[in-house]
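Please open the structure in your viewer and keep the sequence panel at hand.

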Amino acid sequence: MSYVRVAVIGIGYYGFKPSVPDLSFREMMLEAAMRAYYDANVDARRDIDVFISCQEDFWEGIAISNEFAPEPIGGVLRPTMTITGDGLQCIGQAYMIIKSGLADIVAVEAHAKPSDIESIQEIYELSLDPQVRTLNIANPLFQAGLDAIAYMRWSGARREHLAMIAVKNRSRGLLNPRASHASKLSLDMVLNSKPVIYPLTRFEIADYTDVAINIVLASEEKARKFTEKHIWIDGIWWSTEVGSGAIEWHEWGRMPSLRLASREAYRQAGLSNPINQTDFAEVEDRFSYIELLALEELGLAPGGAHRLLESGFYDANGSYPVNPSGGSLAVGLTLEATGLWRLLEAILQLRGEAGGVQLRDARRAIVASWRGPPTYTSTVAVISKE
Amino acid sequence: MRSIRLPGMYLREEDLRKLVGVIEYTPRARYSYSAGQALSEFLRGLREGRILGRLCPSCNRVLVPPRVYCEHCYTQTTEWVEVPGTGRVESVVVSYIGTARERLEKPEIIAVIRLDAPGYGRDSFDFAGLFHKLCGVTEDDVKSGRVIGLRVKPRWKPLELRTGSILDIECFEPEVVESERA
């Protein structure tokens, strides 16, 4: 196939705080968009062909919330669309539209204002099958606990390994100005705190963050016309597990969606041995265990993720840094904007603009996002610099 | 409107709910929206009996309800402009049912008000505008089409009852009452 290459030419963000009470979600979207368009050197009303927003009505608290997407991002009376999914899925759509030749420049937006949601646990509950809701399970995140136990069972990972993820990511975040939930932790602090959903303690469950993120993508030709900073999308794919069927049937302790998404993304990017052909990864870690599980499914854990973790393999100064940004445990959970900031952090690394968390010699990265519980949708991207 | 009672067995709500195959669930979704820079100031203005808009320095339109950006020019708006609050009815409807499809005792008259504000052509498709209820007009006035284009002004709540809400305006009412017009 001789389709065009797709580059990220602009990034913008606003927030990364537990609460941004002085701006509306629309104003946050504007702030992120203006920064991204300035970075990409494009005029929103003239140069951008398509606008895509990833959002979900119940997070917004607005039905048919796609109607609110165009205005703040410059998409009024232009092709604007909304996808109910994680921000990285929107990148996948933008990638296809550009690759197909339909558009040259596409802006992708996702935002989250969990501080505006007073009943976030109830929204999670609402995402369960109506039949399951009848059980009145007090904490709708019980699924994460079930998954963690199932993962530990097959992998041999122990409680300590999960706690080590919290220590690694939350401490690393202290170097990242975008990580509002960073803290210096010790293994004992994590292990000695009361479980929220066994085996997970509060340190192992990501806290919420308000953010707006905008990323501008372009065809190679336009990328070279507008900017000199190009980060290439070498491959991107996604997959959804049961969810319309029954969560009960989910492959517990595994993430087939992530496995399948990654294999196709690697194929597109021409990777046969991803751990040797990429330099670092930003992956799902809204729960401690899920980072280890993600590494297994991404094929980035020869011999077992928990054993490599023990040896410091995934540390920022290790052989293969994972979540050098501090991950969601430090940066936070930003609803549908989560995958987009993982991508943002990876782009900053490749551009050499990651500041305190900058890695040496970062040329190619894997970004993996997951959306759940309970939908279990995963998206994986492989990105590189020139 | 009269309803005719037809013969036969009537199903009651409670009978339906007793059926196996129905799962009842009431979502508990609660939010507290941050109004943000533009709307917060707008709401403060309403409490003072003022309708505030934002000026786009590029197309010179005054946006009401205000935004910190102009959606057409994609430029940040630069200053606050008070508009008089007067305007004319762009479109108007009579609504006979409530959100749960229950018949309202008194029908509601809801209008789009095209506010007097700088930067727009007289009949331009875009305008500074608000949704609100209309008072001082009848159902028949609306149905006859006489209300379209009618000059209106806000009827403010007494100062001590205002809270910084769109409800600080009770309704929009005709600028000139019928008796004065004659």
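This is a predicted model: local features need pLDDT of at least 70, side-chain atom pairs count only at pLDDT 80 or more; totals for chains, interfaces and linings use all residues.

**Helix H4 of chain A**

Begin by selecting residues 87-99 of chain A, which form helix H4. From first C-alpha to last, its 13 residues reach 18 Å, close to the 18 Å expected at 1.5 Å a residue. How many of the residues of H4(A) are buried? The count is 10 of the 13, so the helix is largely enclosed by the rest of the structure. To display them, select Gly87(A), Leu88(A), Gln89(A), Cys90(A) and Ile91(A), then Gly92(A), Ala94(A), Tyr95(A), Ile97(A) and Ile98(A). Following the helix, select Gly101(A), where phi is positive, near 90°.

**Two cis peptide bonds**

Next, move to Tyr198(A) and Pro199(A): the peptide bond from the former to the latter is cis, with omega near 5°. Pro199(A) sits in the loop between strand E5 (195-197) and strand E6 (200-201) of chain A.

Then turn to chain B and select Val64(B) with Pro65(B), which are joined by a cis peptide bond with omega near -5°. The loop that holds Pro65(B) runs between strand E2 (62-63) and strand E3 (69-70) of chain B.

**Two asparagines with positive phi**

Return to chain A and select Asn323(A), a residue other than glycine whose phi is positive, near 55°. Its loop lies between helix H14 (305-310) and helix H15 (327-331) of chain A. Is Asn323(A) buried or exposed? Asn323(A) has 28 other C-beta atoms within 10 Å, and a residue with 20 or more counts as buried, so Asn323(A) is buried.

Now select Asn60(B), which is not a glycine either but has a positive phi of about 65°. Asn60(B) belongs to the loop between strand E1 (51-55) and E2 of chain B. Asn60(B) counts as exposed, because it has 12 C-beta neighbours inside 10 Å.

**The sheet of chain B**

Between E1(B) and E2(B) the antiparallel pairing extends over 2 bridges. To view one position in detail, select Leu55(B), which stands opposite Val62(B) in E2(B).

Notes
Residues are numbered from 1 along each chain as its sequence is written. Chains are lettered from A and ligands numbered from 1 in the order in which they are written. Helices (H or I, at least four residues) and strands (E, at least two) are DSSP runs, numbered from the N terminus. The expected span of a helix is 1.5 Å times one less than its number of residues. Two strands pair if DSSP finds at least two bridges between them.
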